[in-house]
Amino acid sequence: MLKLALAAAALLSGAAQAETVVVTADRMVDVAAGRMVANPVVVITDGRIVSVSGGAGIPADAKRVDLPGMTLVPGLIDMHVHLDSAPIYGGYNSLVFTDSFWTVVGAANARAMLEAGFTTVRNVGSAGYSDVGIKQAIEEGFATGPRIVPAAYALGATGGHCDETFYPPSFHRKGEAVGDSPDELRLRVREQRKYGAEVIKVCATGGVFSRNTEPGQQQLSEAELRAIADEAHMWGLKVAAHAHGTSGIKAAIRAGIDTIEHASLIDAEGIRLAKERGTVLAMDIYNTEYTQSEGRKNGVLEDNLRKDREVAQVQRDGFRAAHKAGVKMVFASDAGVMPHAEVGKQFRVMVEYGMTPIDAIRAATRNAAEALGRESDVGTIAPGRYGDLIAVAGDPTADVTLLANVPFVMKGGDIVKDAR
């Protein structure tokens with residue numbers, strides 16, 4: 001029901017009644033302690049968890065949601081998505097659509113991610129402030145989707161990965177958040193925050209899916225990256241840096257960037273710097289499987305496929321090395337490069353490359369919440385957090401592939417999917 005309708009009903013009734021929902025299951029993953037809790041009872045009032053106990057404490061008048069045979073897991077968090085993208089349109093194929101088409105696509109993708117069990121996402125770059133608009137539509141009840149942390153336009157250098165690189169000069173196309181000096185980039189930070197960004201995204205290096213850039217190229221100086229980080233932090237925002245290349249990764253870490261996206265060509269020094277400074281790595285190590293199998297028929301250009309092939313295994317090896325070294329890591333899929341409904345498939349690859357199942361689950365729950373600065377809201381099943389829960393049959397700490405097909409999803413105490 002829309003917020004306006006809820007408010008009107010509350011006025012007519014004289015006072016709004018607090019709704020309490022009680023969720024029971026056979027087991028619950030305690031991501032903080034790294035253990036399984038038997039027979040949990042989760043009490044949610046007005047969308048927030050008020051208590052978590054084992055086997056007792058059910059209010060008599062509460063709405064009950066019983067999940068026999070199921071295991072509760074905190075709602076999942078994906079730290080790197082592009083809601084207003086669809087991988088079935090690669091290369092120049094997207095140009096047949098009007099601009100507003102992509103916001104509608106984004107709303108559909110938001111729903112797909114929520115139904116996949118991701119109750120919170122960080123959208124790191126969009127066109128037309130579509131991620132801000134989708135977030136607002138979800139919060140006002142006009143659309144269904146996860147909690148969105150939007151970045152709006154991604155910052156970058158002229159001719160860099162976050163500029164418009166697919167057009168000839170006669171089109172005069174330039175990225176909305178391009179800057180070529182520390183002062184220009186400080187202004188871009190302020191502009192994105194002004195219009196709704198809650199995190200700042202910057203492209204420190206070239207990328208796979210742009211034209212005339214190489215992933216290893218550093219495209220902003222350390223001084224420019226530091227200006228972005230300092231400005232964002234002054235406004236209370238965190239910064240995510242797209243950085244495939246070795247030098248760009250290290251420059252972003254030294255500049256004080258909070259999370260490094262992709263980190264494909266990270267070396268031993270970069271891993272050491274990340275660990276020393278508490279920098280978080282957000283490495284998308286599944287989507288290459290989709291790109292290489294489906295990209296060509298979707299219109300992805302051969303040069304982009306070539307770049308994807310070149311970084312794929314190196315990135316996975318870097319993931320293993322960084323995790324082994326104890327670097328902070330979060331779940332990041334780059335959904336939009338791959339289908340949003342399929343991002344849960346990445347858990348398998350994270351375990352194949354060194355994580356235990358509980359490590360991978362923590363990357364998408366507790367660790368991600370901490371990286372967002374939202375640990376009091378999301379990431380664990382604990383009092384004070386939103387009633388964001390998923391449930392699977394079986395034990396995901398033994399078989400993490402269960403998270404690739406989540407049958408039950410609850411957001412804020414409301415059931416949004418029940419396919420048991």
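Predicted model: local features only at pLDDT ≥ 70, side-chain atom pairs only at ≥ 80, totals over all residues.
R186 is partly exposed, with 26% relative accessible area. R186 is joined by a salt bridge to E231, and the closest N and O atoms of the two are 2.8 Å apart. Since R186 belongs to helix α4 (residues 182-194) and E231 to helix α5 (residues 222-234), the pair ties together parts that are 45 residues apart in sequence.

Side chains of opposite charge can pair when their charged atoms come close. In this model the count comes to 30 salt bridges. One of them links the side chains of R64 and D66, with 2.9 Å from N to O. R64 has a relative accessibility of 46% and counts as partly exposed; D66, at 34%, is partly exposed too.

Next, please turn to helix α9 (residues 302-325), where D303 and R306 both lie, three residues apart, or about one turn of the helix. Their side chains meet in a salt bridge of 2.5 Å, N to O. D303 is partly exposed with a relative accessible area of 35%, and R306 counts as partly exposed at 21%. Elsewhere, salt bridges that share partners join K250, D267, E269, R272 and E276 into one network.

Now for the sheet. Three strands, in the order β6-β7-β8, form an open sheet with parallel pairing. β6 (76-81) and β8 (147-150) stand at its edges with a single partner strand each, so one side of each is left without a neighbour in the sheet. From one strand to the next, the twist averages 15°. β6 pairs with β7 (residues 118-123) in the parallel sense over four bridges, and V81 stands opposite N123 in β7.

Two helices pack on this sheet. Helix α2 (residues 101-115) touches β6 and β7, and its direction makes about 135° with that of β7. Helix α3 (residues 130-139) touches β7 and β8, its direction making about 155° with that of β8.

Finally, here is the annotation. An unreviewed UniProt entry places the feature "domain: Amidohydrolase-related" at residues 71-416. In the model, the end C-alpha atoms of residues 71-416 lie 17 Å apart, and the span is 37% helix and 15% strand.

Terms used. Residues numbered from 1 in each chain as written. Heavy atoms only, no water. UniProt positions renumbered as here; feature names shortened; annotations may be inferred. Salt bridge = Lys/Arg side-chain N within 4 Å of Asp/Glu carboxyl O. Buried < 20%, exposed > 50% of the residue type's maximum accessible area, 1.4 Å probe, protein only. Pairing = 2+ DSSP bridges. Axes fitted to C-alpha atoms, helices over the stretch in contact; angles between N-to-C directions. Contact = heavy atoms within 4.5 Å.
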